[in-house]
Amino acid sequence: MFGEFIKALRIERDIGLREFCRRLSIDASNWSKIERGVLAPPQDDEKLEQIARVLNIKRGSELYMELKDKAAVDAGIIPKDLLTDQETLSSLPMFFRTVRSEKPTPEELNKLIERIRGGG
Amino acid sequence: MEDISRFKCPYISKDQIWQAAENFRDEFWPESTLPVDIERIVEKRLKLNIEPEHGLLGEIDIDAYLRIDSTGIVVDYDCYMNEKYMNRLRFSFAHELGHFFLHKDIYSTFPIDDPSTWKDFMLNIPDKEYGFFEYQANEFAGRTLVPRGRLLAELKICLQKVQQEFNR
């Protein structure tokens, strides 16, 4: 909800994920998870105000209130410790682009499955 | 389960791949300016997520991949954030879009329903056939990022300059 809302505003304003995260000094990996609803959004006013500034949303405006409301609603998102088989499968690669342009080894595949299953 | 070791990558001719790249650019990059803003196409026009992940390259030797559910492209965090890798990353995005447009339906032909069968599939696809998938995605990426007509025009200008130098 919050994530989709912010992502739509960010894209509407032509701000790429990298640039957005740089401007806010936040980790792009975590932010991508927030936009996908995997992690809860920040709750502190200062960070939410920074986000609003980057998105050119005026403090006190209707959009600003909506941003704060949506952040509050999504505060309860708890990242899963372990994904189900189906969730893990949908996050796995269709194909790989590896540095050496070869198929990955069984160890690399196991590592990847475990990372995805455990990391969300 | 079907015998994966006998699996064949569907044949797509070079011309078909090149045409697919041209069609892709016409549809999703009508501005025709260079360089093609591939990340903008990914996020804004195709509505795919960009998912930077820490340690993908360092720990598993992967630059980037298209998720099976086709909702996003996962990229190595350091490659994504570091300007030094920008060109390689642009190619990676275009390569994954090659899989998106050329190979999206491959998985539906196999009953892959959990990570274990996915792993079997990956390990048992013949190397040669896997190489064809990669080759096709590479061709798509190259032609997407470097339009042949524009490249030839630039080469012609360069050749004329070289000739002028020699004729002085």
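Predicted model: local features only at pLDDT ≥ 70, side-chain atom pairs only at ≥ 80, totals over all residues.
A residue counts as partly exposed when its relative accessible area lies between the buried limit, under 20%, and the exposed limit, over 50%. With a relative accessible area of 26%, Lys44(B) therefore counts as partly exposed.

The partner of Lys44(B) is Asp14(A): the two form a salt bridge in which the closest N and O atoms are 3.3 Å apart. Because Asp14(A) sits in the loop between H1 and H2 of chain A while Lys44(B) belongs to helix H2 (residues 38-45) of chain B, this pair joins two chains. Asp14(A) is also partly exposed, at 38% relative accessibility. A second salt bridge brings together the side chains of Arg18(A) and Glu39(B), with an N to O distance of 2.7 Å. Here helix H2 of chain A supplies Arg18(A) and helix H2 of chain B supplies Glu39(B), so this pair too joins two chains. Whereas Asp14(A) is partly exposed, Arg18(A) and Glu39(B) are both buried.

Helix H2 of chain B also holds Glu43(B). Is this residue buried or exposed? Its relative accessibility is 8%, so Glu43(B) counts as buried. Leaving aside residues up to four places away in sequence, Glu43(B) touches Lys7(A), Arg10(A), Ile11(A), Gly16(A) and Leu17(A) from chain A, together with Leu48(B) and Ile50(B) from chain B.

The wider interface can now be described. The size of an interface is often given as the accessible area lost when the parts come together. For chain A and chain B, that buried area is about 4700 Å², with 54% of it on carbon and sulfur atoms. The contact involves 43 residues of chain A and 56 residues of chain B. Polar contact is found for 23 residue pairs across the interface, counting pairs with both residues at pLDDT 80 or more. On the side of chain A that touches chain B, two or more residues come from each of helix H1 (2-12), helix H2 (17-24), helix H3 (28-35), helix H6 (85-91), strand S1 (97-98) and helix H7 (106-119) of chain A. H7(A) gives the largest share of this side, 10 residues. By residue class, the side of chain A that touches chain B divides into 16 nonpolar, 10 polar and 17 charged residues.

How many salt bridges does the structure hold over all chains? The total is 23, and 9 salt bridges are found across the interface of chain A and chain B. One of the salt bridges links Lys33(A) with Glu53(B), the closest N and O atoms being 3.0 Å apart. Within chain A, Glu49(A) forms a salt bridge with Arg59(A), and the closest N and O atoms of this pair are 3.2 Å apart. Glu49(A) lies in helix H4 of chain A and Arg59(A) in the loop between H4 and H5 of chain A, so that the pair links distant parts of the chain, 10 residues apart. Arg59(A) is exposed, with a relative accessible area of 64%. Salt bridges that share partners also build one network out of Lys33(A), Arg115(A), Glu53(B) and Glu59(B).

Glu49(A) leads on to its own helix. In helix H4 (residues 45-54) of chain A, the buried residues are Lys47(A), Leu48(A), Glu49(A), Ile51(A), Ala52(A) and Val54(A). The buried residues of H4(A) pack against H1, H2, H3 and helix H5 (62-73) of chain A. Just after H4(A), a positive phi of about 60° is found at Asn56(A).

Turning to chain B as a whole, this chain contains 8 helices and 3 strands, which follow the order α-α-β-α-β-β-α-α-α-α-α from the N terminus on. The C-alpha trace of chain B spans about 70 × 35 × 30 Å along its principal axes. Of the 168 residues in chain B, 48% are buried. Among contacts in chain B between residues at least 6 apart in sequence, 62% join residues at least 24 apart. Chain B exposes about 8900 Å², and carbon and sulfur atoms supply 52% of that area.

Technical notes: Residues numbered from 1 in each chain as written. Chains lettered and ligands numbered in written order. Heavy atoms only, no water. Contact = heavy atoms within 4.5 Å. Buried area = accessible area lost by both parts, 1.4 Å probe. Salt bridge = Lys/Arg side-chain N within 4 Å of Asp/Glu carboxyl O. Polar contact = N/O pair within 3.5 Å; in protein donor to acceptor, adjacent residues only side chain to side chain. Helix = DSSP H or I, 4+ residues; strand = E, 2+ residues; numbered from the N terminus. Nonpolar A, V, L, I, M, F, W, Y, C, P; charged D, E, K, R; others polar. Buried < 20%, exposed > 50% of the residue type's maximum accessible area, 1.4 Å probe, protein only. Areas by Shrake-Rupley, 256 points an atom, 1.4 Å probe, with all protein chains shown as cover.
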